[in-house]
Amino acid sequence: MAATGTLTIPQKSKMDAVLVLRIAIIASLLVFWQLLSMSGLLYEDVVPGLPQITAGLYRLLTTTEFYVNLKVTAGEILAASLIGGLTGMIAGLSLGGSYFMERAFERYFYYLGPTPKIIFFPLMIMWFGVGSGSKVAMGAVSCFFPVALAVAAGMRRIPPILIRVGESFRANRWQMLTKVHLPAMREPVVNGFRLGFGVALIGVLLAETKLSNQGLGFLVIQNYQRFDMPGMYALLIAIFVIAVAVNAALGRLSRGGRRR
Amino acid sequence: MSTVARDPFLRRWAPELTGAAVIICGFLLIELLVRTAILNPYVVPRPSDVLLAFERIVVEEQILSRFLVTAAEAGTAAVLVALIGIPLGTLLQGVPLLRKATETWIAGMAAAPIVLIYPLFLVIFGRSPWTIIAIAVLAGLPPVAMLTLEGLSAVRPALVDTGRSFRLSRWQMFWKIMFPAALPSIFSGLRIGLIFALINVVGVEFLINFGGLGPLINELAERYDMPGTYAAICFVVFVSIIVFVVMERLEKWLRPVR
Amino acid sequence: MNDMIRPEQIAQPPVTAPEPMLVIDHVTKRFETPDGPVVAVDNISLTVGRGEFVSIIGPSGCGKSTLFNLVGGLLSISDGTIRIDGEAINGPHKSIGMVFQEDATFPWRTVIDNVAFPLELQGMAKGERLERARHFVSLVGLHGFEKRYPAELSGGMRQRVSIARTLAAEPKLLLMDEPFAALDEQTRLLLGDKVLQIQQELNQTVLLITHNITEAVQLSDRVLIMTYRPGRTKRIALIELPRPRTSEMLSSDTFGRYVAEVWADLREEASRGMQDAERGSR
């Protein structure tokens, strides 16, 4: 699907049309929101106007409260991604490297992967307490499965021919790992980590909205309970921008350095 | 070992049996550790108690009727996802400019943490099924729209040319050529969309403490009914797995031979 | 018919052949399957002399790829031996370089880094190996493409990268498994010319596995024709066309006669293979 986009030669007028359409879509959404806010169909508190939300965003970004909680959440997400990512990587390598392991255990990973992880949160609280521990555990559990499955699949998807080439040149085990296996699976592995990071972020933030006294998720719920809607919307916007930016940065990392 | 090697059944399924045996041994080990109080019995209940709790949560907590509530929400979301997602994918395929402008957005939405905006719907719809369904629809929509678009775009030009040679109308072209050719891809989209919807339904139910299965876990955990909590979580996991497997089978069964 | 040798005669190297480098001596390969053993290669013998170009041709499913894997040391032999310069083969041998049918270039390495791969494994210093690799890149006619990635090259160019990479290890025997099968006819002919030219320049010994009759006749001194299941030697044809050869000879009468002769032998085997396939799909 992306191929068709890159194959067509970008013509100036077409690019402009796309840009205009994009701006038009965004503008009409904003206008719709503003009209909805002014129409009084819903409580104005529920659908605050754009000026209020902008003011809320300004207020949010100028208080230290936001940055303190951002730091807490970022630390939890980082720890969760590291723990979940590394254990997932080890599990994936052992699943992908052995046909026996694949047949013995992969189905459990495969079927547990898409279950809703947040329902395990009560257990995490029991095991790791109400503080950061349970949030990190929540994120790590979410992160573990996509990484394990991506690494296992990436390992298996290495074209057998490339392994035969390595063997035909009598590469030793270490050379096979560093010069054939790892470079061949780089892309799926980085994509797996990206996916894992995304779900770790969701896991941590949802856990924070459920039960916590710090972090961005906690701030969202606090604003909701105080009925500070502009503040809550501003927070949601900030969280989304951060999530999208980090995801894009990781995506660049997976494509960087190699042309396909 | 020699008897194992000789029995063809055991030899054929050795890896699967080993895997299952390791997991059963794991549960037995936990049972042992809890009984000897090496693991805190207030944190980890005995696996045997969890097993017994299943009967209790079915009889006393009406887990089956709660399941129907969750299923109804997920089903409504799935129908909405199909009704919006397939036409949306078709529209994007038909209007290249619109596709160029929004395809990356929709793809980005698939990766975005949509469930996090549940407080927004909580504000708009209150604690009602519609909050849950709205999140589930938003989560399920991107894969359906994207895979519909992908399937329609990947129809082999030879098939399109064949349609042209029979001078089909636009309408005929879509229903006789494009849609059937894209069907396998659309099925994949629907399967993924439904799974996303289900995950988000249960997740949001748990978070806003409203609906079917989600609040049950909350209630049991608040009552410190450990075996019950574990059993309820296991039940939700089983349900997700069953839905997942059924969808997979269904897709294979409906997918024409290629 | 004096250019034909009966199978039983070839246990001894033919008088015309130069000193033997590769000796395939009564080699059999059986695969164990749930339905009992299947013989893929049955009692095949062949010698390849230094500087000689020998092809093995047969219908699909005759076990020629198995034979390739046996000579390459990627599969173990059930009966018989394969020796290169007197050394029995068990596992990939340093004197044998392999070129595969599929695209086998590393997509994450540039052309020059692909070709330098075997030298890197040997632990050669960076400057030296790049210089050596550059030489082999030019040899296959890819000068100027050193910094490109395989994805930026055509199929024929990628296969030339594979050949250069194998040659960079300076193998005594170049072993190729249908290296041009995935290419179009014209590229295939031109690449055949290139291989002939390189073979001439390096006096390279080559064993080529193929199912393409024109290719076998165009390139080889001798062609071993295999039977369909189990893979046995049907005949070894001597191709006495003058060297240096190019694809321009394709139109000559002698060339046509050789092609017709090989096809006459192959035809029966190929139709047996086709009947088998038709039975299988029912």
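Modeller: Domain bounds come from an automatic or database domain assignment. This is a predicted model, in which local features need pLDDT of at least 70, side-chain atom pairs count only at pLDDT 80 or more, and totals for chains, interfaces and linings use all residues, while side-chain values use heavy atoms, without hydrogens and water. Residues are numbered from 1 along each chain as its sequence is written, with chains lettered from A and ligands numbered from 1 in written order.

Biologist: How many Å separate the centres of domain 1 of chain B and domain 2 of chain B?

Modeller: Chain B splits into domain 1 (2-43) and domain 2 (57-254). Taken over C-alpha atoms, the separation of their centres is 36 Å.

Biologist: What radius of gyration does chain B have, against that of a compact globule of 258 residues?

Modeller: The radius is taken over C-alpha atoms, and the globule rule is 2.2 Å times the number of residues to the power 0.38. The C-alpha atoms of chain B fill a box of roughly 75 × 65 × 30 Å along the principal axes. A compact globule would come near 18 Å, but chain B has 24 Å.

Biologist: How far apart are the centres of the positive and negative side chains of chain B?

Modeller: Lys and Arg count as positive, Asp and Glu as negative; His and the chain ends are left out. Each charge is placed at NZ of Lys, CZ of Arg, CG of Asp or CD of Glu. Chain B has 21 positive and 17 negative side chains, and the distance between the two centres is 14 Å.

Biologist: Which chains that touch have the most contacts?

Modeller: Contact means heavy atoms within 4.5 Å. No contact joins chain B and chain C, whose closest C-alpha atoms lie 11 Å apart. Among the 2 pairs of chains that touch, the most contacts are between chains A and B.

Biologist: Which residues does T209(A) touch, beyond four places in sequence?

Modeller: T209(A) sits in helix α9 (residues 173-210) of chain A. Helix α10 (residues 216-225) of chain A has buried residues, including G217(A) and I221(A). T209(A) touches G217(A), F218(A), I221(A), Y118(B) and L207(B).

Biologist: Why is T209(A) counted as buried?

Modeller: Buried means under 20% relative accessible area, exposed over 50%, partly exposed in between (1.4 Å probe, protein chains only). T209(A) is buried because its relative accessible area is 10%.

Biologist: Is G61(C) buried or partly exposed?

Modeller: G61(C) lies in the loop between β4 (53-57) and α1 (64-72) of chain C. Beyond its neighbours within four places in sequence, G61(C) is in contact with Y228(C) and R229(C). Its relative accessibility is 38%, so G61(C) counts as partly exposed.

Biologist: How many residues does the contact take from domain 2 of chain C?

Modeller: Chain C has domain 1 (1-95 + 171-248 + 259-268) and domain 2 (105-169). Their C-alpha centres lie 26 Å apart. The contact takes 13 residues from domain 1 of chain C; from domain 2 of chain C it takes 11 residues.

Terms used:
Helices (H or I, at least four residues) and strands (E, at least two) are DSSP runs, numbered from the N terminus.
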